[in-house]
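Welcome! Please keep the sequence and the 3D view at hand as you read.

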Amino acid sequence: MKSLLFLSGYALITYLPSSIAYPGMKDSLSDLHRAANVPRADAKQLIGDLKTLKDTQLTTIGKDIKAIILGTKDARSNTIDTSVPPGTVDSAACKADLCCVWKWISYEMTARFNGTSGRCTKLARGAVRLGFHDAAVWSNTTTYGGADGSILLTDEISRSDNNGLSAIGDQMKTWYNKYHQYGVSMADLIQMGANIATVVCPLGPRIRSFVGRKDNAKAGPTALIPDVADSADKIIKLFAAKTIDVHDLVALVGAHTTSQQHFVDTSRDGDPQDSTPGVWDVAFYGQTTGSPPPRVLKFASDVKLSQDTRAKTEWQQFIGAQSHWNEDYAKAYTRLSLLGVNNINDLKECTQVLPPERTAFVNEDQVVLDMWLQGQFNQLNNMVDDAIMLTGIITTNP
Ligand code: HEM
């Protein structure tokens, strides 16, 4: 359980870890509301091979994933392996351990995703978006597509939907060329990348991470990625066809909490979608419906969604409710990351390789960031994008 203290406007946000939360303290009023068991409108649908397999046929992991996507099991885990890998990636000891190669990959990704400010970098944010864009090229009327690596194994990446993803795409291809020989699929690399990036972003959930997805060298169907100009109704229908209900959609778009846009309005290159880019907080929800600092650029699609009668209640409930959002995002992303995967029951788990989550974070350079958010210090644009400590002084977060 965590608590929020808003100390001075946007200047300082401190999240207290469970160790200093007092018994009975709730994340926020929203969590209290939620605890009253607000009913959910939509029944969760099964996906892939889970649709046809009987419970008696399910592996332990198959059962866990089924419970996660039906909403009855937490998709987060603190199971962590802090030991160094059993050997170099080429060693027999490493090859004998399915998750060893992923440990090496996790080290590399974590190093690239963590900025000197402690916020997550543009590559991290790109990795989360890339995970979405690979998996979401699927619907219940398509017979192929989904989390199958095709976004980088074909020319899908050059579709206009994917503007802004070329840097993370190139980095992911470099990792693939290095690790594919050890049995790593592009589909898994992309989804593991999204989960590692999420937890590297401060306050981000540590989502259980499964491997064993199959690659597909066929480009996915078109017109399945939402556009920033789409109506709420169109977006809700698009996600419904991916088995993602409104509740999960509202949780997923919260990923824009970390975002800095480059293509929606090129005259405002690098403008963030809330006042704390690179931080996995819930400021995005309140600022999308409120009046954030001038440099915050609200996506039209997010604003429309926040006002839609089907989405509004959940949107409001995520305001100030970090723990509620993290829990719901983790479940929704697990579903998203398995769209089009038809061997869910055979997947294996390598959650233990993920770095630890950071439940407490202080933006130590928020004073400078606040001035940047007011439209000053434009010369810092690239530094903000790269999550570099703006004061140049690095101290230790609590
Ligand atoms: C409602 C549907 C959505 C629309 C219309 C949408 C649209 C966009 C657009 C236009 C950008 C900015 C790209 C740029 O100019 O550089 C963006 C960024 C981003 N989106 Fe979405 N998105 C949606 C849902 C999602 C979901 C479901 C996720 C993740 C689960 C996600 C993750 C991200 C992230 C992390 C970024 C930031 C990338 C960066 O900072 O480089 N988005 N999105």
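Of the 398 residues in the protein, 57% are buried, where buried means under 20% relative accessible area, exposed means over 50%, and partly exposed lies in between (1.4 Å probe, protein chains only). This is a predicted model, in which local features need pLDDT of at least 70, side-chain atom pairs count only at pLDDT 80 or more, and totals for chains, interfaces and linings use all residues. Residues are numbered from 1 along each chain as its sequence is written, and side-chain values use heavy atoms, with hydrogens and water left out.

The protein has 16 helices and four strands. Helices (H or I, at least four residues) and strands (E, at least two) are DSSP runs, numbered from the N terminus. Contact here means heavy atoms within 4.5 Å. Among contacts between residues at least 6 apart in sequence, 73% join residues at least 24 apart.

Let us begin with helix packing. Two packed helices are described by the angle between their axes and the distance between the axes. The axes are lines fitted to C-alpha atoms, for helices over the stretch in contact, and angles run from 0 to 180 degrees between N-to-C directions.

| Helix pair | Axis distance | Angle |
|---|---|---|
| H4 (residues 100–113) and H7 (residues 166–179) | within 12 Å | roughly 155 degrees |
| H5 (residues 122–135) and H7 | 9 Å | about 85 degrees |

How are H5 and H7 oriented to each other? They are roughly perpendicular, given that angles under 35 degrees count as roughly parallel, over 145 as roughly antiparallel, 65 to 115 as roughly perpendicular and the rest as oblique. On the H5 side, the contact is made by Leu123, Gly126, Ala127 and Leu130, and on the H7 side by Ala167, Ile168, Gln171 and Met172. Sorted by class, the contact of H5 with H7 has six nonpolar, two polar and no charged residues. For these classes, Ala, Val, Leu, Ile, Met, Phe, Trp, Tyr, Cys and Pro count as nonpolar, Asp, Glu, Lys and Arg as charged, and the others, Gly among them, as polar.

H4 and H7, by their angle, are roughly antiparallel to each other. In this contact, H4 contributes Val101, Trp104, Ile105, Glu108, Met109, Arg112 and Phe113, which meet Ile168, Gln171, Met172, Trp175, Lys178 and Tyr179 in H7. The residues of the contact of H4 with H7 comprise nine nonpolar, one polar and three charged.

**An enclosed helix and the iron atom**

Next comes H10. Eight of the eight residues of H10 are buried, so this helix is largely enclosed by the rest of the structure. The buried residues are Val246, His247, Asp248, Leu249, Val250, Ala251, Leu252 and Val253. Packed against them are H9, H11, H12 (300–307), H13 (312–318) and H14 (322–336).

The loop between H10 (246–253) and H11 (283–289) holds His256. Which protein residue is a donor to the iron atom of the ligand? His256 is the single donor from the protein, with its NE2 atom 2.1 Å away. Donors are N, O and S atoms within 2.8 Å of the metal (3.2 Å for Na, K and Ca); water is not among the atoms, so sites may look incomplete.

Thr289 is found in helix H11 and is partly exposed, at 38% relative accessible area. Leaving aside residues up to four places away in sequence, Thr289 touches Lys298, Ser306, Trp315, Gln316 and Ile319. Gly290 sits in the loop between H11 and H12 and counts as partly exposed, at 26% relative accessibility. Thr309 lies in the loop between H12 and H13 and is exposed, with a relative accessible area of 69%.

**Two alanines with positive phi**

Most residues other than glycine have a negative phi. Ala223 has a positive phi of about 65 degrees although it is not a glycine, and its place is in the loop between S3 (210–211) and H9 (232–240). Ala387 also has a positive phi, of about 60 degrees, and lies in the segment after H16 (381–385). Is each of these alanines buried or exposed? Ala223 counts as exposed at 68% relative accessibility, whereas Ala387 counts as buried at 1%.
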